[in-house]
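Subject: Structure for you to look at

Hello,

Here is the structure I promised to pass on, with my notes below it.

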Amino acid sequence: MQQREEKQLEASVDSLISRVAHVKNALHSFIYKLENEYERLTWPSVLDNFALLSGQLNTINKLLKNEKTPSFRNQVIIPLLLSPDRDEDLAKLTEQRVPVFSHEIVPDYLRTKPDPEVEEQEKQLSAEAARIGPEVAQKQIQTLNKLCSNLLEKLNNPRDDRDAESAAIRQNKPSFNPADTNALVGAVAFGKGLSKCRPPGPVAPGHPGQGPMMSGGPTLQQVTIGGGSAQQAGMGGSVAQQPQGQPGKMPSSIKTNIKSASGSMHPYNR
């Protein structure tokens, strides 16, 4: 009877090692893709890898819960030899992960309970959960379920609906500031908010576009065209004489008087 149980235990351990090896290979493949093929990796491929790992773990759980599988809880592993020296056989069996079997690593690899720090945190969480009353716990559960339902609803919505909502939000959002637009129109059309005087400074004679009209001073001008010559007073320039008999000559008796505008002709005071 004992020999039969030992054979059954050995067969179960071999089957469990084989299943764990499949999980390990799947994890290696998935980690390699995440580290080296992340640029080409798509979300459906990630979901496929997760589904593969989940299926393999479910298979291991079914194997452990099988009636023919002996209870591994009743089996105790006792280290018979501890040595700080390197063990080549052990390193080969563990793929170079455990090169030595010493007093330092045995408590970690043969531990059947969580670390003391983890146990203390678990006790604190259990005590905090016990202090919460049933009504408060039920309200928190309902709130969490509501949040999860809203999140699932958003995730299940078609992508086109989400794109349409985003486009509508972008269209309704104003793309300009009415105050800035009104200020710009007032400045261009009526000179609102602009300086009326140029900064003080000398004006070079004969420079086009500069004169009393631009400097804000008196604008009394007198232009006399006669005798083939024309003079502009106050404009800082002169007109060259025109030869006699050429087109464009005007009688010398014509005089044009430009009366003072005294600021009323300023383009910003219209």
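Two residues count as being in contact here when they have heavy atoms within 4.5 Å. With that in mind, Gln56 touches His22, Val23 and Ala26, where residues up to four places away in sequence are not counted. Gln56 itself lies in helix 2, residues 43-65; helices here are DSSP runs of H or I with at least four residues, strands are runs of E with at least two, and both are numbered from the N terminus. With a relative accessibility of 18%, Gln56 counts as buried (buried is under 20% relative accessible area, exposed is over 50% and partly exposed is in between, using a 1.4 Å probe and protein chains only).

A word on how to read all this. The model is predicted, so local features need a pLDDT of at least 70 and side-chain atom pairs count only at pLDDT 80 or more, while totals for chains, interfaces and linings use all residues. Residues are numbered from 1 along each chain as its sequence is written, and side-chain values use heavy atoms, with hydrogens and water left out.

Now to the aromatic rings. The structure holds 1 aromatic pair. Its rings belong to Phe30 and Phe50, with centres 5.3 Å apart and planes at 70°, so the pair is edge-to-face (rings of Phe, Tyr and Trp, the last by its six-membered ring, pair if their centres lie within 6.5 Å; planes under 30 degrees apart are stacked, over 60 edge-to-face and the rest tilted). Because Phe30 sits in helix 1 and Phe50 in helix 2, the pair ties together parts that are 20 residues apart in sequence. Phe30 is buried, at a relative accessible area of 7%, whereas Phe50 is partly exposed at 45%.

Next, the charged side chains. How many salt bridges does a search of the whole structure find? The search finds 6, a salt bridge being a side-chain nitrogen of Lys or Arg within 4 Å of a carboxyl oxygen of Asp or Glu.

- Glu95 and Lys24 meet through their side chains at 2.5 Å, N to O. Glu95 lies in the loop between helix 3 and helix 4 and Lys24 in helix 1 (residues 2-36), so this pair ties together parts that are 71 residues apart in sequence. Lys24 is partly exposed, with 26% relative accessibility.
- Glu88 forms a salt bridge with Arg86, and their closest N and O atoms are 2.9 Å apart. Glu88 is partly exposed at 48%, and Arg86 is partly exposed at 47%.
- Glu119 and Lys113 meet in a salt bridge of 3.7 Å, N to O. Glu119 is partly exposed at 23%, while Lys113 is exposed at 54%.

There is also a network: salt bridges that share partners join Lys24, Glu95 and Arg97.

Finally, some backbone angles to check. Glu95 has a positive phi of about 55° although it is not a glycine. The loop that holds Glu95 runs between helix 3 (88-93) and helix 4 (106-109), and Glu95 is partly exposed there, with a relative accessible area of 41%. Gln96 also has a positive phi, near 65°, and is a residue other than glycine. Gln96 is placed in the loop between helix 3 and helix 4 and is exposed, at 51% relative accessible area.

Best wishes
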